[in-house]
Amino acid sequence: MGTVTPLPLRHPAQVGFDRAELARILDLYGRMVAAGHWKDYAIDLGRDAAVFSAFRRTAENPEFRVEKRPALRSRQGMWALVNEAGLVLKRGHELGPVLAPVERRLMKLVAE
């Protein structure tokens with residue numbers, strides 16, 4: 001027989017959003033665009049996190065970032081809502097409650 005060569009360990013290439021998560025985020029984004037508040041978005045899929053950023057205008061910092069960090073799943077929760085200054089507004093295990101502050105803001109925008 002020949003020699004046994006171990007296979008290289010496979011690290012996850014990148015973290016991503018599944019279809020339901022992305023649909024929920026893009027639904028909120030579409031409603032904020034319809035209200036005239038957001039104009040652009042960006043998606044960053046990295047090795048440690050997937051980030052959806054929403055912008056008021058293209059050439060500035062994102063107003064909100066929705067981050068998915070699976071490494072924090074067993075601790076604080078893998079979802080985080082981060083504001084323009086980098087402050088974590090909400091963190092949790094489920095996407096819906098993490099998006100709630102932006103949903104409330106949308107309600108105020110529509111009511112005006």
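Guide: R31 has a relative accessibility of 31%, so this residue counts as partly exposed, a class that lies between buried (under 20% relative accessible area) and exposed (over 50%), computed with a 1.4 Å probe on protein chains only. The model is predicted, so local features are given only at pLDDT of at least 70 and side-chain atom pairs only at pLDDT 80 or more, while totals for chains, interfaces and linings use all residues. Residues are numbered from 1 along each chain as its sequence is written, and side-chain values use heavy atoms, with hydrogens and water left out.

R31 forms a salt bridge with D27, the closest N and O atoms lying 3.3 Å apart; the term stands for a side-chain nitrogen of Lys or Arg within 4 Å of a carboxyl oxygen of Asp or Glu. Because D27 and R31 are four residues apart in helix α1, about one helical turn separates them, and D27 is itself partly exposed, with a relative accessible area of 42%. R31 also meets E103 in a salt bridge, at 3.0 Å from N to O. This second pair links distant parts of the chain, since R31 belongs to helix α1 and E103 to helix α2 (residues 95-111), 72 residues apart; helices here are DSSP runs of H or I with at least four residues, strands are runs of E with at least two, and both are numbered from the N terminus. E103 is buried, with a relative accessible area of 19%.

The structure holds six aromatic pairs. In one of them, the ring centres of Y29 and F52 are 6.1 Å apart and the planes stand at 75°, so the pair is edge-to-face. Y29 lies in helix α1 (residues 19-34) and F52 in strand β2 (residues 50-55), so the pair ties together parts that are 23 residues apart in sequence. Y29 is buried at 11% relative accessibility, and F52 is buried as well, at 3%. F52 also forms a stacked pair with Y41, at 5.2 Å centre to centre and 15° between the planes. Y41 lies in strand β1 (residues 40-45), so its pair with F52 in strand β2 ties together parts 11 residues apart in sequence. For these terms, rings of Phe, Tyr and Trp (its six-membered ring) pair if their centres lie within 6.5 Å, and planes under 30 degrees apart count as stacked, over 60 as edge-to-face and the rest as tilted. Y41 is partly exposed, at 37%. Together with W38 and F64, the residues Y29, Y41 and F52 form one aromatic cluster.
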